[in-house]
Amino acid sequence: MHNMDKSHNNYRIVVIGGGHAGCEAALASAHMGMKTLLLALDLNSIAMMHCNPCIGGSAKGHLVREIDALGGQMGKVIDKTFLQSRMLNLSKGPAVYSLRAQADKSKYSQVMKQVLENTPNLTIRQGEVIDILTQNGKVTGVHTEFGTSYFCDAVIVCAGTYLNSRCLCGDTIIQSGPGGMRASQRLTSVIADLGFKVMRFKTGTPARVHRDSIDFSRTAPQPGDVPVVQFSFETPAISVQIPQITCHLTYTNEETHKIIAANLHRSPMYAGIIEGVGTRYCPSIEDKISRFADKDRHPVFIEPEGADTAEMYIQGLSTSLPEDVQVAMYRTVPGLENCHIMRNGYAIEYDCIDTTNLTLTLEAKAINGLYFAGQVNGTSGYEEAAAQGLMAGINAALKLQSKPPLIIDRGTGYIGVLIDDLVTKGTPEPYRMMTSRAEYRLLLRQDNADLRLTELGYQAGLISEERYQYFVSKRDWIEKEVSRAKEINIAPSAALNALLTENNSTPLTTGTKLSDLVKRPELNYQQLIELQKDILDPALKFGAPPSGFFLNFKFWQEQVNIQIKYEGYIQMQMSQVANFRKLEQQDIPKNIKYEDISGMRIEARQKLAALLPENIGQASRVSGVSPADINVLLVYLKQLKGDLHTI
């Protein structure tokens, strides 16, 4: 050890990496009272958005709301730094509504860095970690390139896309991290030596174009929503009602596709230079014209990178083609005929791990105190990374406090779906969260994330008493109002029948319950309350929240509307979740010997022995394990119940 004085280098938790996973992990750990060190390759890259500068989107918006409900930071920072905000999927049901905000790239990074710098118990330092120290199968610290060792009880690896990364543009290959940042060249071998299977993934980004070289008259404006909806449950609604920057929509065309097709052989992906597996759900433009040859055009969104920069992000034209081809193809797109490219698009390859080596807490099965979170786990996207970082930080702190872990199951949150998918199934390609991955998505809406998760965040120590009391007042009011709506009788009136007629709903001839009116497809709770103001108890409506919080009352009303309107479907899914949890609650002993289970297929034994699922529910989701195999396992465990020491 090069440090003679170890007292200044002792921490409870060390976080490797300052991206979105690392920030949430370090903040959670520090807020829970752990002396925490965050080590980043470059402090200027804290929470940097090297790809699209946006937060949220389909399913990703759910993750941001869940992060906030648990006490994380991402939602608060984007509420302070967004340029435009839109709610997606409004033509569908509330289960898939998803908030998305275009961010001011540099401001987001600056604000998050300020949060880190001003958080008690948290130290941030610049430096590359080149070794993870272990003893007797337990983490003891990390070693940096400067010869310094930091000693700790837990390490959270949040290395992002920096492990052995290289950027490719045509036949030009640069050994660097995203955006020209330095790469972490030595940590992969350390991780492999610790017994982890290492995989190679690939992602990419489009060019950035100078704003003044774009002819916006040839594009379709894409304005933000008014009023703006905030991400964080703590953000006052009034604070996000700001002037927004307009994004723009255009399309590729036949000429664009001809240029790309004629130069596919110059793409490192099609030339066989790229080794990594690319993302399925955010393909490059080369992939799009190859995989979707029947499409004569693809959408291209022109989005700002910041309020104080001329750089515009060209979403939909991600590419690793050579510079001359990029210029030619971009200039075939309406509005970009005279565009000036400021930064080329590129592909990036990087190392990541096989996540089936982890438990549901994101701790390594073989190394006590070693956690992994973010894109090093094979995920794509800032939101997926932040969610994992938060959970790794929480669980590392809980373990050091000798408390039970916080495991969110698939019936409680998208975070639970994300982590369970990674740990149980692994991911052969960059993993992206989608609403279709959630079996119980009507229960896991973004609007009720706090009702599902804030109690858990409070128990973990990440939710303040003031915020918790505000949450309790909201929860109690919603419960009372849903119950009251089932009791209130609404009499026919000229105004009410006019509203019903206007919305193509049958007028009333006799009185009916408020809840029955809300359940009509054409109506909602908010309309009826506005019309029948006398039926809403003013004391409930205007009950003062704890000081320091703004009463975002329309969101309380939205909850009442959804819970009443979809009551039957919600109860059906709650019943399904109850059955699901019966399997999740049947733990499997860690020392079980699957090879001894007669009647189970060999493939199932091998898969279960390799994964070591923690409960029957997780075992049932393992690829290659059939319902018949699970029944055999249940019988085996039942026979051993009461005599588990013989396993």
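Author: What follows is a set of questions and answers about a predicted model.

Reader: Why is Ala-25 called buried?

Author: Ala-25 has a relative accessibility of 0%, and since buried means under 20%, the residue counts as buried. Ala-25 is placed in helix α1, which covers residues 20–31, and, leaving out residues up to four places away in sequence, it touches Val-15, Ile-156, Cys-158, Gly-389, Leu-390 and Gly-393. The C-alpha atoms of Ala-25 and Val-157 are 9.6 Å apart, although 132 residues separate the two in sequence.

Reader: What makes up the largest nonpolar core, and which residues have the most contacts inside it?

Author: The largest nonpolar core has 114 residues, and those with the most contacts inside it are Ile-156, Phe-196, Leu-370 and Ile-394. Helix α9, residues 382–400, gives the most to this core, with 11 residues. Beyond its neighbours within four places in sequence, Leu-370 has contacts that include Ile-132, Val-139, Val-155, Val-157, Leu-194 and Phe-196. There is also a second, separate core of 22 residues, and among its members are Ile-478, Leu-496, Val-518 and Ile-564.

Reader: How many aromatic pairs does a search of the whole structure find, and why is the pair of Tyr-470 and Trp-556 called tilted?

Author: The search finds 7 aromatic pairs. In the pair of Tyr-470 and Trp-556, the ring centres are 6.0 Å apart and the planes stand at 55°; because planes under 30 degrees apart count as stacked and those over 60 as edge-to-face, this pair is tilted. Tyr-470 lies in helix α12 and Trp-556 in helix α17, so the pair ties together parts that are 86 residues apart in sequence.

Reader: How do you know whether Tyr-470 is buried or exposed, and what of Trp-556?

Author: The cut-off for buried is under 20% relative accessible area. Tyr-470, with 7%, is therefore buried, and Trp-556, with 5%, counts as buried too. Trp-556 also forms a tilted aromatic pair with Trp-477, with 5.9 Å from centre to centre and 50° between the planes. This pair links distant parts of the chain, since Trp-477 is in helix α12 and Trp-556 is in helix α17, 79 residues apart. Trp-477 has 3% relative accessibility and so counts as buried.

Reader: What lines the second largest pocket, and which residues are the closest to its centre?

Author: About 770 Å³ of space lies in the second largest pocket. The pocket is lined by 36 residues, of which Met-87, Asp-447, Lys-554, Phe-555 and Glu-558 are the closest to its centre. Helix α17 gives the most to the lining, with 7 residues, and by class the lining has 16 nonpolar, 9 polar and 11 charged residues.

Reader: Why is Asn-89 called partly exposed, while Asn-136 counts as exposed?

Author: Exposed means over 50% relative accessible area, and partly exposed lies between that and the limit of 20% for buried. Asn-89, with 22%, is therefore partly exposed, whereas Asn-136, at 79%, counts as exposed. Asn-89 is placed in the loop between β4 and β5, and its phi is near 65°, a positive value in a residue other than glycine. Asn-136 lies in the loop between β7 and β8 and has a positive phi of about 55°, although it is not a glycine.

Reader: What kind of peptide bond joins Val-226 and Pro-227?

Author: The bond between Val-226 and Pro-227 is a cis peptide bond, with omega about 0°. Pro-227 is placed in the loop between β15 and β16.

Terms used:
Residues are numbered from 1 along each chain as its sequence is written. This is a predicted model: local features need pLDDT of at least 70, side-chain atom pairs count only at pLDDT 80 or more; totals for chains, interfaces and linings use all residues. Side-chain values use heavy atoms; hydrogens and water are left out. A nonpolar core is a set of buried Ala, Val, Leu, Ile, Met, Phe, Trp, Tyr and Cys residues joined through side-chain atoms within 4.5 Å. Buried means under 20% relative accessible area, exposed over 50%, partly exposed in between (1.4 Å probe, protein chains only). Helices (H or I, at least four residues) and strands (E, at least two) are DSSP runs, numbered from the N terminus. Contact means heavy atoms within 4.5 Å. On a 1 Å grid over the protein atoms alone, a cavity is a set of points where a 1.4 Å probe fits but cannot get out, and a pocket is an open set with protein on both sides within 12 Å along at least five of seven lines; lining residues have an atom within 4 Å of a point. Grid points are joined across faces, edges and corners, and a volume is the space filled by probe spheres set on the points. Ala, Val, Leu, Ile, Met, Phe, Trp, Tyr, Cys and Pro count as nonpolar, Asp, Glu, Lys and Arg as charged, and the others, Gly among them, as polar. Rings of Phe, Tyr and Trp (its six-membered ring) pair if their centres lie within 6.5 Å; planes under 30 degrees apart count as stacked, over 60 as edge-to-face and the rest as tilted.
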